[in-house]
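We will go from stop to stop, selecting a few residues each time.

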Amino acid sequence: MHTAADSTPRRALEYASRGWPVFPCRPGGKEPATRHGFRDASTDPGQIRSWWNRRPEPNLAIATGSPGPDVLDVDQHGEAGNGFAAWRRLSAAGLLDATVAIIATPGGGLHAYFTGTAQQSRRLPSHHLDFKAVGGYVLAPPSRIGQKPYRLLTRSDVAGGILDWVAVTSLLEPGRGQLARDRGAPPPDGIRLASWVERLEEGNRNNGLYWAACRIIEAGQEHLLDDLAAAAATTGLANREITRTIVSARQSTQPRATPSHSVRQDVS
């Protein structure tokens, strides 16, 4: 029987109270301890207590992607390389400003948490980065691999924001990023995006609506914007704010022509 002092079940319930579905993994490992893995993740307190009422104590995992968080996994592969150079580039570009939390992993890497979205999990192996979103999961504190724990480094007291993986890819691998925009990225699921917008918390509603509108416009599916606007209205956003945000998304996704007289060759 667990006591109130046991940290893992308590932390699991804390994550679940944020709306993040959790599930157990094998003690000391990353393998799911449920039949269907992350698909069994739950926020139900009774189910969570049942999972952690066992010995040895399971590790704690969070299913990523809305309603859970999106997580940027910065790997440390020793002599094979690490993701910290890419992390610094993303930070300098302002793409990491909206983190909810940063976790130190047992292997020497980092997990940066963001507001969950309907984006799919992706990887940039040459930059030692993984993006854990829909279809993924991460171990969370106080889980351990061997004797080494996952540790909280920083946590934001304000609502976090979104990490746009297309923007990350476009910065680190421009050719691949453009291909993702033009060909490789599947069209957005309007129903899923609208449902996600409806669940946005105060402080993140404009940013979330803007991101979702950009994805829809880039996919040439502007007929879905009315559904997105209706979803945003249910969160309490004023019609004026909704209109302004969608107009801004339209403007930001329009290609900008460069005047011929301003083009110059850089041969340095």
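In which sense do strand E4 (residues 101-104) and E5 pair, and over how many bridges? Select both strands and follow them: they pair in the antiparallel sense over four bridges. Keep in mind as you look that this is a predicted model.

**Stop 1: strand E5 and its partners**

Stay with E4 and E5 for a moment. Click on Ile-102, then on Ala-112, its bridge partner in E5. Now move to the hairpin of these two strands, which has five residues between them. Pick out Gly-108 there, where phi is positive, near 95 degrees.

E3 is joined to E5 by five bridges, and the two run antiparallel. To see one of the pairs, highlight Val-74 together with Leu-110, its bridge partner in E5.

Now show the side chains of E5, residues 110-114. Which residues point one way from E5, and which the other way? Leu-110, Ala-112 and Phe-114 take one direction, while His-111 and Tyr-113 take the other, and all are buried. With five of its five residues buried, E5 is largely enclosed by the rest of the structure.

**Stop 2**

Zoom in on the pairing. E1 and E2 are linked in the antiparallel sense over four bridges, and Val-22 has Ile-62 in E2 as its bridge partner. On the E8 side, strand E2 (residues 59-63) is joined to E8 by three bridges. Select Ala-63 and you will find it opposite Tyr-137 in E8.

Are the faces of E1 covered or uncovered? Both are covered: Val-22 and Pro-24 lie on one side, Phe-23 and Cys-25 on the other, and all of them are buried.

**Stop 3: helix H9**

Move on to helix H9, residues 239-252. Its 14 residues reach 20 Å from the first C-alpha to the last, close to the 20 Å expected at 1.5 Å a residue. Colour Ile-242, Thr-245, Ile-246 and Ala-249, which are buried. Look down the axis of H9: the buried residues fall within an arc of 95 degrees, so they line one face of the helix. The general rule is that an α-helix has 3.6 residues a turn, so residues three or four places apart point the same way.

**Last stop: the whole protein**

Zoom out to take in everything. The protein has nine helices and eleven strands, and 44% of its 268 residues count as buried. Among contacts with a separation of 6 or more, 72% come from residues 24 or more positions apart. Switch to a surface view to finish: the accessible surface is about 14400 Å², and 49% of it belongs to carbon and sulfur atoms.

Technical notes: Residues are numbered from 1 along each chain as its sequence is written. This is a predicted model: local features need pLDDT of at least 70, side-chain atom pairs count only at pLDDT 80 or more; totals for chains, interfaces and linings use all residues. Side-chain values use heavy atoms; hydrogens and water are left out. The expected span of a helix is 1.5 Å times one less than its number of residues. Buried means under 20% relative accessible area, exposed over 50%, partly exposed in between (1.4 Å probe, protein chains only). The arc is that of the directions from the helix axis to the C-beta atoms. Two strands pair if DSSP finds at least two bridges between them. Contact means heavy atoms within 4.5 Å. Accessible areas come from the Shrake-Rupley method with a 1.4 Å probe; for residues, only the protein chains shown count as cover.
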